[in-house]
Amino acid sequence: MPNYHYRCKNCNYDFVKHQSFDDDPIKVCEKCDEETVVKVFSAVPVTFKGSGFYRTDKGSSGSSGSSGSGSSGSSK
């Protein structure tokens with residue numbers, strides 16, 4: 001079950017709740033009892049490990065040579 005980050009627009013109370021995917025989002029603030037709570041979304045860090053993720057990564061010399069000659073032959 002994931003954790004969700006919420007913030008109240010009224011009192012700026014920040015909190016995290018452990019909820020199931022099926023649970024409804026929280027709308028009422030625990031501190032001020034106002035219905036002004038919204039989910040806070042943030043970027044998720046992604047780490048690419050291994051080869052093949054970057055433009056500077058090179059494949060085997062046989063595969064890059066054959067794709068290069070095929071593309072130049074089709075452009076003529």
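Modeller: Gln19 is buried, with a relative accessible area of 8%, where buried means under 20% relative accessible area, exposed over 50%, and partly exposed in between (1.4 Å probe, protein chains only). Please keep in mind that this is a predicted model, in which local features need pLDDT of at least 70 and side-chain atom pairs count only at pLDDT 80 or more, while totals for chains, interfaces and linings use all residues. Residues are numbered from 1 along each chain as its sequence is written, and side-chain values use heavy atoms, with hydrogens and water left out.

Biologist: Where is Gln19 found, and which residues does Gln19 touch?

Modeller: Helices (H or I, at least four residues) and strands (E, at least two) are DSSP runs, numbered from the N terminus, and Gln19 lies in the loop between S2 and S3. Contact means heavy atoms within 4.5 Å; leaving aside residues up to four places away in sequence, Gln19 touches Met1, Pro2, Tyr4, Tyr6, Asp24 and Ile26.

Biologist: How should I read strand pairing, and in what sense do S1 and S2 pair?

Modeller: Two strands pair if DSSP finds at least two bridges between them. S1 and S2 pair in the antiparallel sense over 5 bridges, with Asn3 opposite His18 in S2, and in their hairpin, which has 5 residues between the strands, Asn12 takes a positive phi near 60°. S1 and S3 also pair in the antiparallel sense, over 3 bridges, and here Tyr6 stands opposite Lys39 in S3.

Biologist: How many salt bridges does the structure hold?

Modeller: A salt bridge is a side-chain nitrogen of Lys or Arg within 4 Å of a carboxyl oxygen of Asp or Glu, and the structure holds 2 of them. In one, the side chains of Arg7 and Asp14 meet at 2.9 Å, N to O; Arg7 is partly exposed at 33% relative accessible area, as is Asp14 at 38%. In the other, Glu30 and Lys17 meet at 2.8 Å, N to O, a pair that links distant parts of the chain, 13 residues apart, with Glu30 in the loop between strand S2 (14-18) and S3 and Lys17 in strand S2.
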